[in-house]
Amino acid sequence: MKIHAGAMHYGNKAGLFLLLIFCAFALGAADPPVLTLVKDRTAQSEIVVGERPVRAAQFAALELQYAVKRITGCTLDILPAPSGKVDTVLYVGASAEAKALGFPGRELIREQYLIDYREKSVFLMGNDKEDYGTVKYENCATFPERFYCFHATTYAVYDFIEEALGVRYYGPGDLNTVCPESATLEVTPFRRFREPSFDAFRCVASYRLEEGMTRRDYQLLLLRWRLNSLYGMANHSTWGIFWRYWGKAKSPDKAALFIEKRHQYFASGHAGRLASLVGPEYPDDPDLPGQLCLSNPGTLEYFIWEAVQTVTGHRVPGSYGWRPKMEGYPHCYAFQEDDNPYYCRCEECRKLTTGKARLEQRYKFINKLAEKVSEASPGSGIATLSYSSMTDLPDTPIHPAVSIMMCLSVQSWYHPGIYARQYGLYRTWVEKEGKKRPLMVWTYMLCPAHEARLIYRYNKFFPFLYPWKTAGYFKQFAADGIRGWFGEINLQQHMLEGYVAARIAYDSSVDPDRLIDEYFEKYYGQAGPDMKKFYRELEEICWDPDNMSPESRNKVLGGSFIYGYHTERKNWHYGTPERMRSLQAHLDNAEKHAATPEERARVDRFKRLIWNQAVEGRKEFEEREKRRNKPVSQAIALRDEKEYDGNLADVPFENAVPLPEWQTLDGEPTDWKPEIRLFADSRYLYLRYAETGTPAIARGESSFWSNDLEVFLAKRPGGDVFQIAASPHGKTEIYESRIINGAVRLEKIPDGLIRVKNVREGNHWTVTMAVPFAQIPGYGGALKSGDSVCANIFRSDFQDGISRSCSWSPIYTNDYREGMLRPGLIFLSPSDRSGPVDINGSFRISPGSAFPDQWREFCKETEKPALRSQDGIVRFQTEKEDLKRYRYLVSTLRTTCKPGDRIVLSFQARGKGRFASGLFCYYDRPGGLSFLDSRSGEGKIDSPEEFIPLRAAFTVQARPGQIPGQFAPVWYAFPGTVLELKDVSVEMNPPTEQK
């Protein structure tokens, strides 16, 4: 086979990058020669790098040598000067030998590179860092630096390898590199002089190594994708002020930076360990602030100092914001606060943090930084993010020396509402600021894998693949003048999307449809048409809003990194059995048509990394759906009238009934059972766990996590959670797992917040704990009496690879955190209440109102009101078309209750027909879900003229998964009924056995 790869000249956008072609290249030049590099597996060419090649040229030469060897089996020599033994010479890098022949013939600056030829010589060179270290091809630590380093000779060589040799670098490792095979290699050289399209940065972060791959494979891939960072990159970077003014850090180098405590520089008004990124350096600090105080002049002075030091050429120890100055580019100091929402609440900041004021405060702070940086070093500036709750444009004019990096969840742009919100913000930035400053993008391509594995932990998921959508988005970025791209990508799932994005960022003139077509043709070969059908169908499934679950379609989430649309049920709403079968058919055909070992291996890779887990995930999901029909365990934390203030010794656990449930993790019976008792007061949940005579108590060789008690507590399933662990050997550890902007953070809880007593006496082991309601983590306000806590209690017992672990509520998995998606419920019992409840039973109406205070008609906005009120009487209208069964008269006052409480409704009624009285019982937080307990069968009236006294009694009942903590009285009349109510009263009494 002979390869004749024609020239593919790249056209690029003016203003973003350079495309200079010598006039002679375009006018009157002779046809390029066909050069033989290898003939019958014998070298007909050699690679020349000069006497003292820089690291980039050494590496590029080795890559060229390896590509030729993979194609032909022949190894070309890499020499300092031509040997004279072969006809064709490939000059790599700027050498004296190439210069003597007139190349490059001009100064190469920034990321410019040159591809040229003369007779039988090919010249591949670019602007490179003067780094003369030795490259060892097997050792990736010797490769050129990927970021803040000029290595443009590699771009020239990679362009030549791809276009003249026909090689494609689709992913890490040899399997994902397409190389044609031929005993003879002939090439048609071409001419090019250019630099990449996105000139600020082109970067990818992928956090998991593919099985069988090495760090070297990934380092090679990122270089082969021509990634680099030169200016304008921003990330969370405000660390240096902590080392100097919060406290001594753990690491000796950072501890040495400490000057003195200046807590006024940091956010106040919050309690607990809130800073996530500096947390490991302060492991025992119970009160680590999450943000800075931007209103304090000292905070600004510090960052002015750090920024000015940076842009004037001084490296600031401990500063993540430091970036080297790259010749020919702006010098940007990165300023971006920590990744959390715990902004300062000091008196001065509170004045500035209502509505958009916090955004304005932030940009005024950044403007002052930019002003001082520009004065100290003209041409320098500040790089920052448009991120999370700070994605809007401020009203404050932004200093021209500020570059903005927009954080965009393109992984969620299948959702029309998310797309409208994020793309709308993006367009606003481009239209209003695109000509004033460099704009960059940070894209997320991690979900659904990220949500399935790290947040919701069901692990196996229906995949989302979207190469054509990715191509469209990135072509738009390029057309809009975007200068930099950083992608957080799960490359095992999104290798093709990453490749497409990187290619467009490198050269925006590429035809993305041709790029993707070529992928299926070259990578999968005979299996390509079927794999392309698979991808097409899957992208259409994922980007069709009609395929979303109703709750996803109707909810537009905020922030930058969008998560919450791939809980297990929402994700598998896409992966229906019918769609799975259709997609499987394409994959079966691909396997059938794969003709070579490489094609079969690539189809197998796709199955192994993407599809097999989905097939298994669908089966596991269906099994879990069956199990979910089984109720979770529920319990009530008993309460008396006393307050125990967290003092464990005073809590009367003996008055509480032990929890009856205890089973294996899969809900099977177990032959042993601990004694678990719950208690509560108005501020604390108390738990006592007692175990006697089990083999696990006596085992001394076990690790902590294989032989322990673990209690999980949270406000909501699948969110932030407390994990309290204790072992029979006296050790206790307490953690809080938080989800902040899509990242799961595990932090140790400081001593004293949760009180735990861990005592073992012989074969008897007791753990007691006091947990403050207000500290239990999760979204929403603090828990209180009458609320329910999502909870589970686990006894870990792993020995010899076998789990004998048990739990209070079965989770049908060995992963305790995953089990918190289906937690048990502990109801925080309120104190007993008896007597009348004031609900405005006389139907008093305030001036200017049309309906009684604390009452409302429950109906749709599109329906006419069917209830009227006058002179202390509520009248249900008699017209059938106006009166719908589901138009309730309901109290807006919710009264705290607990299971077993007896509620008596007394009222006077007049009319004729059927009606119902009842309770709305609320089992979630205020504003949450409810169920109706009504007495419709008893509600008949035949008294059109006179009011008659009526009474209805209810006992508050718990249901599976629903422990009501509040109630509201309700009445409704059936269609055609004439009904009037007055003199309503409510009497409440605690359970008889507790009186």
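## Cavities, pockets and helix packing

The lining of the largest cavity divides into eight nonpolar, three polar and four charged residues (nonpolar means Ala, Val, Leu, Ile, Met, Phe, Trp, Tyr, Cys and Pro, charged means Asp, Glu, Lys and Arg, and the others, Gly among them, are polar). The structure is a predicted model, in which local features need pLDDT of at least 70 and side-chain atom pairs count only at pLDDT 80 or more, while totals for chains, interfaces and linings use all residues. Residues are numbered from 1 along each chain as its sequence is written, and side-chain values use heavy atoms, with hydrogens and water left out.

**Exercise 1.** Determine the volume of the largest cavity, and state which residues are closest to its centre.

*Solution.* Begin with the rule: on a 1 Å grid over the protein atoms alone, a cavity is a set of points where a 1.4 Å probe fits but cannot get out, whereas a pocket is an open set with protein on both sides within 12 Å along at least five of seven lines, and lining residues have an atom within 4 Å of a point. Applied here, the rule gives eight cavities of 30 Å³ or more, and the largest cavity has a volume of about 140 Å³ (the space filled by probe spheres set on points joined across faces, edges and corners). Of the 15 residues lining the largest cavity, I455, G719, V721, S737 and R817 are the closest to its centre. As for secondary structure, α12 and β25 (732-740) each supply at least two residues of this lining (helices are DSSP runs of H or I with at least four residues, strands runs of E with at least two, numbered from the N terminus).

**Exercise 2.** Describe the second largest pocket, and identify which element gives the most to its lining.

*Solution.* The second largest pocket holds about 850 Å³ of space. It is lined by 34 residues, of which A205, Y207, L446, H450 and E488 lie nearest its centre. Two or more lining residues come from each of β12 (201-205), β17 (439-445), α12 (449-455), β18 (484-489) and β26 (743-748), and it is α12 that gives the most, with four residues. By class, the lining of the second largest pocket comprises 20 nonpolar, eight polar and six charged residues.

**Exercise 3.** Find how α19 and α20 are oriented, and say which residues make their contact.

*Solution.* Helix α19 (residues 577-593) packs against helix α20 (residues 597-628) at an angle of about 160°, with their axes 11 Å apart (axes are lines fitted to C-alpha atoms, for helices over the stretch in contact, and angles run from 0 to 180 degrees between N-to-C directions). That makes α19 roughly antiparallel to α20 (over 145 degrees; under 35 is roughly parallel, 65 to 115 roughly perpendicular and the rest oblique). The crossing of α19 and α20 is left-handed (the near helix is turned anticlockwise from the far one by less than a right angle, and clockwise if right-handed). The contact (heavy atoms within 4.5 Å) is made by P577, M580, L583, Q584, L587, A590, E591 and H593 of α19 and by E599, V603, F606, K607, W611, A614, V615, R618 and E622 of α20. These residues of the α19 contact with α20 fall into ten nonpolar, two polar and five charged.

**Exercise 4.** Locate the cis peptide bond between C447 and P448 and the positive phi of D40.

*Solution.* The peptide bond joining C447 and P448 is cis, with omega about 10°, and P448 lies in the loop between β17 and α12. D40, although not a glycine, has a positive phi of about 50°, and D40 is placed in the loop between β1 (35-39) and β2 (42-43).
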